[in-house]
Amino acid sequence: MKILTVSFFDDNFGDMLIRICFDRLVRTALKNLGVDECDYSIDNMHIKEIDEEKISAADLILFSGGAMFGFNNLGSFDAIDRITALAEEKNTPVVFCSLGINNMHANEESGARLNEILRRTCVRAMSVRESAEVFTPFSEGCSFDIVSVCDPAVWAKHIYRSEVQEVRSAKQGRIVGLNVVRGGLFKANGIKWTLDDEGEFFQKLIELYDREGIDYRFFTNGSVLDNNSMGYIAKHIGVPVDKVITPDSTREVVRAIAGFDAVIAIRMHSAIISYALDVPSIDMVWNEKIPYFYQNTGYPDRALAFEYCTPEVVLRMTQELLDDSGFHADESYLMTLYDYLYTTLGAILKKPADSRYDFAEVSHLMSMQESGIADDVTDYRTKLSRSQYCYRALFDADIERRRQIKSLKKEVKELNKQLKESQKKYEKLEQESEKTRQQLDRINSRLPMRVYHKLFHKKA
């Protein structure tokens with residue numbers, strides 16, 4: 001059996017963590033269902049790089065989660081439409097898992113398209129990360145109920161168990177993690193908060209931290225653009241180098257957060273990973289998905305309305321987080337996705353699903369599949385690809401600017417030529433005009449005398 005999982009591949013390593021955790025959960029569920037490892041293979045496809053051969057060869061297609069649905073700047077909706085249409089032609093079962101809503105604003109036309117996708121016979125089941133109620137208006141006529149589950153990344157601690165233990169055994173003192181993102185993230189979500197505003201916010205916050213004796217580290221989720229923003233902010237507000245973490249892999253993001261006692265998040269997966277590692281967090285609400293996460297995990301007050309998220313409020317909340325020593329992820333919440341996978345895969349594969357593993361068994365099997373070098377290689381390749389993309393964008397922009405400069409230089413040269421010709425014409429006209437004026441002056445100077453002589457001659 002060939003299984004194809006569809007994921008985001010991004011240097012925002014929260015998306016990569018979804019893929020990694022989801023892969024282990026699927027393998028664990030298949031083992032639980034009695035499917036031998038020799039009887040299946042799992043391939044993966046980036047949702048933005050549709051491979052029709054992979055889709056055609058697949059016996060089962062699983063969407064691994066994340067902000068895929070929604071009519072937003074991520075542009076994945078059309079890809080989902082195309083992938084499911086191809087699956088429909090082959091009658092290949094499709095399962096949506098832990099999909100994020102991410103600006104689920106549909107008009108009549110786009111809502112109808114979403115309903116059409118969900119009613120395709122190839123789509124066998126659907127679970128969402130934030131709230132099933134959001135999809136209710138678009139699920140009429142579906143053959144299944146949409147359910148709410150957790151994000152796959154909340155299992156991170158069990159896949160990176162040895163990493164987390166290593167970091168924490170070497171840890172000294174209490175540290176707060178401060179999550180930095182690119183300035184354009186807010187603009188893309190309709191919020192007027194620039195990179196300079198973000199820098200000013202963090203500058204005031206660390207002044208308060210210094211006054212209260214709170215140690216901190218700045219970190220990102222690894223994105224090239226986030227890392228660039230981190231460098232800009234660190235330079236302009238004077239953050240020491242040893243207080244800045246810019247990860248280059250999913251593993252490094254997990255290790256960074258494992259070393260914190262509290263996290264002030266902006267990216268949602270900073271909050272999700274913190275939750276997975278039993279680290280309390282708060283998050284600025286710049287997108288509707290964030291309050292859903294905190295509501296689902298039982299801490300709705302830790303999703304802070306953007307307009308009220310001042311340095312003073314964050315300081316107070318930081319102190320509350322540091323005092324929350326008993327914080328830990330809810331095992332029953334983690335099991336929601338596993339239960340969904342176990343039941344759904346059992347139904348599709350026609351396997352008896354009456355002996356589901358309990359949390360301890362799933363946790364043990366997940367920890368036996370710790371992230372390895374293959375995941376790191378995928379991360380580095382993705383990071384390199386993203387870096388090359390950003391470089392190429394700058395390179396192309398530079399080429400275009402050079403082309404424009406060359407064109408403008410040619411224009412200026414032509415204009416200078418025209419100017420010189422016009423100058424010559426002007427000088428020639430000036431000379432001719434001067435001659436005319438001299439002639440007029442001579443005529444004007446002689447005219448009275450001629451008139452006098454003419455008059456005098458007539459009188460004589």
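**Entry 1: strands**

I looked up β3 and β4 first. Strand β3 (residues 60-63) pairs with strand β4 (residues 94-99) in the parallel sense, over three bridges. I noted what pairing requires: DSSP must find at least two bridges between two strands. Strands here are DSSP runs of E with at least two residues, and helices are runs of H or I with at least four, both numbered from the N terminus. Across from I61 stands V94 in β4.

I noted that this is a predicted model, where local features need pLDDT of at least 70 and side-chain atom pairs count only at pLDDT 80 or more, while totals for chains, interfaces and linings use all residues. Residues are numbered from 1 along each chain as its sequence is written, and side-chain values use heavy atoms, with hydrogens and water left out.

Next I traced the sheet order.

I then traced another open sheet of six strands. Its order is β9-β8-β7-β10-β11-β12, again with parallel pairing. β9 (244-245) and β12 (303-305) stand at the edges with a single partner strand each, so one side of each has no neighbour in the sheet. Inside this sheet I checked β7 (residues 175-179) and β8 (residues 215-219), which pair in the parallel sense over five bridges. The bridge partner of L178 is F218, in β8.

**Entry 2: helix α8**

The 18 residues of α8 (residues 195-212) should span 26 Å, and the end C-alpha atoms are 26 Å apart, which agrees.

I listed its buried residues: E198, G199, F201, F202, L205, I206, L208 and Y209. Buried means under 20% relative accessible area, exposed means over 50%, and partly exposed lies in between (1.4 Å probe, protein chains only). After α8 comes G213, with a positive phi near 75°.

**Entry 3: cysteines**

How many disulfides are there? A search of the whole structure finds zero. A disulfide would be a pair of cysteine sulfur atoms within 2.5 Å. For C21, the closest cysteine sulfur is in C150, 9.6 Å away, so it is too far for a bond. For C97, the closest is also in C150, at 11 Å, again too far. C21 is buried at 0% relative accessibility. C97 is buried too, with a relative accessible area of 0%.

**Entry 4: positive phi**

D278 has phi near 65°. D278 sits in the loop between α11 (268-276) and β11 (281-285). At 23% relative accessible area, D278 is partly exposed.

K350 has a positive phi of about 55°. Its loop runs between α14 (331-349) and α15 (359-367). Is K350 buried or exposed? K350 is exposed, at 76% relative accessibility.

**Entry 5: A156**

I found A156 in helix α5 (residues 156-159). A156 is buried, at 0% relative accessible area. A156 and F77 are 79 residues apart along the chain, and their C-alpha atoms are separated by 27 Å.

**Entry 6: I399**

I399 is partly exposed, at 42% relative accessibility.

Conventions. Expected span 1.5 Å × (residues − 1).
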